[in-house]
Amino acid sequence: MRHTSLLFAATALAGTLGTTLPAFAQSADATTIFLVDESGSMAGEHNFLQNFVLDLDAALAISGLNTRQYGLTGFAGPGQGPANLRNITLSGQSLLGTANEFATAAQGLQTSGFTEDGYAAIDNALNTSTL
């Protein structure tokens, strides 16, 4: 668990400073799951994500992470349950994919919701993702 926390901190720092990750992290896999509000005011943020994930992927590659995958969960939109959650498939039936697959899937985000329950989205991501 400690290495996971250190990896996240090192990844954030390396991406910010443009440096390489510590040796133990360079052979690690990076899985990033975005929890995205699909309420009515979020269209600009949805567009931003499509390019941001490509920039993030490039920075993580330069930092030394060889395997990078991304996931996308929408909440407060057309999903299911009290938080209107939906795990969005990226590649066929997979919930994880490449940065390009994420950017394509993010084009399908909607802005039809109104009640944001980000905590339910976090709980869903922790319970349905194998990290």
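This is a chat about a predicted model of one protein chain.

Visitor: What kind of model is this, and how are residues numbered?
Guide: It's a predicted model, with residues numbered from 1 along each chain as its sequence is written; local features need pLDDT of at least 70, side-chain atom pairs count only at pLDDT 80 or more, and totals for chains, interfaces and linings use all residues. Side-chain values use heavy atoms, with hydrogens and water left out.

Visitor: What's the mean pLDDT of the chain?
Guide: The mean is 76, and 74% of the residues reach 70 or more. pLDDT is the predictor's confidence in each residue, from 0 to 100.

Visitor: Where is confidence lowest, and where highest?
Guide: Lowest in helix α1 (residues 2-17), with a mean of 40, and highest in helix α4 (residues 99-106), at 92. Over residues 1-17 the pLDDT is below 50. Beyond near neighbours in sequence, that stretch has 19 contacts in the model, a contact being heavy atoms within 4.5 Å.

Visitor: How many helices and strands are there, and in what order do they run?
Guide: The protein chain has 5 helices and 4 strands. From the N terminus on, the order is α-α-β-α-β-β-β-α-α. Both types are DSSP runs numbered from the N terminus: helices are H or I with at least four residues, strands are E with at least two.

Visitor: What share of contacts joins residues at least 24 apart?
Guide: 66%, among contacts between residues at least 6 apart in sequence.

Visitor: OK, cores. Which residues have the most contacts inside the largest one?
Guide: F34, V36, V53, Y70, L72, F102 and L109, in a nonpolar core of 18 residues. A nonpolar core here is a set of buried Ala, Val, Leu, Ile, Met, Phe, Trp, Tyr and Cys residues joined through side-chain atoms within 4.5 Å. Buried means under 20% relative accessible area, exposed means over 50%, and partly exposed is in between (1.4 Å probe, protein chains only).

Visitor: Which elements supply at least two residues each?
Guide: β1 (29-37), α3 (43-63), β2 (67-75) and α4. The largest share, 5 residues, comes from α4.

Visitor: And what does L109 touch?
Guide: V36, E38, H46, L72, R86 and I88, leaving aside residues up to four places away in sequence. There's also a second, separate core of 5 residues, including F75, A76, A83 and A121.

Visitor: How much of the chain is buried?
Guide: Buried residues make up 37% of the 131 residues. The accessible surface comes to about 7500 Å², and 55% of that belongs to carbon and sulfur atoms. Those areas come from the Shrake-Rupley method with a 1.4 Å probe; for residues, only the protein chains shown count as cover.

Visitor: Which residues make the nonpolar surface patch?
Guide: L35, Y119, I122 and L126, over about 450 Å². Helix α5 (residues 118-128) gives the most to it, with 3 residues. Patches are made of residues with over 30% relative accessible area and no salt bridge; like charges are joined within 9 Å, and nonpolar side chains (Val, Leu, Ile, Met, Phe, Trp, Tyr) within 5 Å.

Visitor: Where is L35 found?
Guide: In strand β1. L35 counts as partly exposed because its relative accessibility is 31%.

Visitor: Switching to charges: how many salt bridges are there?
Guide: The count comes to 2 salt bridges, each a side-chain nitrogen of Lys or Arg within 4 Å of a carboxyl oxygen of Asp or Glu. In one of them E38 pairs with R86, the closest N and O atoms being 2.6 Å apart. E38 lies in the loop between β1 and α3 and R86 in strand β3 (residues 86-88), so the pair ties together parts that are 48 residues apart in sequence.

Visitor: Is E38 buried or exposed?
Guide: Buried, with a relative accessible area of 0%. R86 is partly exposed, at 21%.

Visitor: What does R68 pair with?
Guide: D57, with a salt bridge at 2.7 Å, N to O. R68 is in strand β2 and D57 in helix α3, so this pair ties together parts 11 residues apart in sequence. R68 counts as partly exposed at 22% relative accessibility, while D57 counts as buried at 17%.

Visitor: Last one: what does T67 touch?
Guide: A28, D29 and A30, not counting residues up to four places away in sequence. T67 sits in strand β2 and is partly exposed, with a relative accessible area of 40%.
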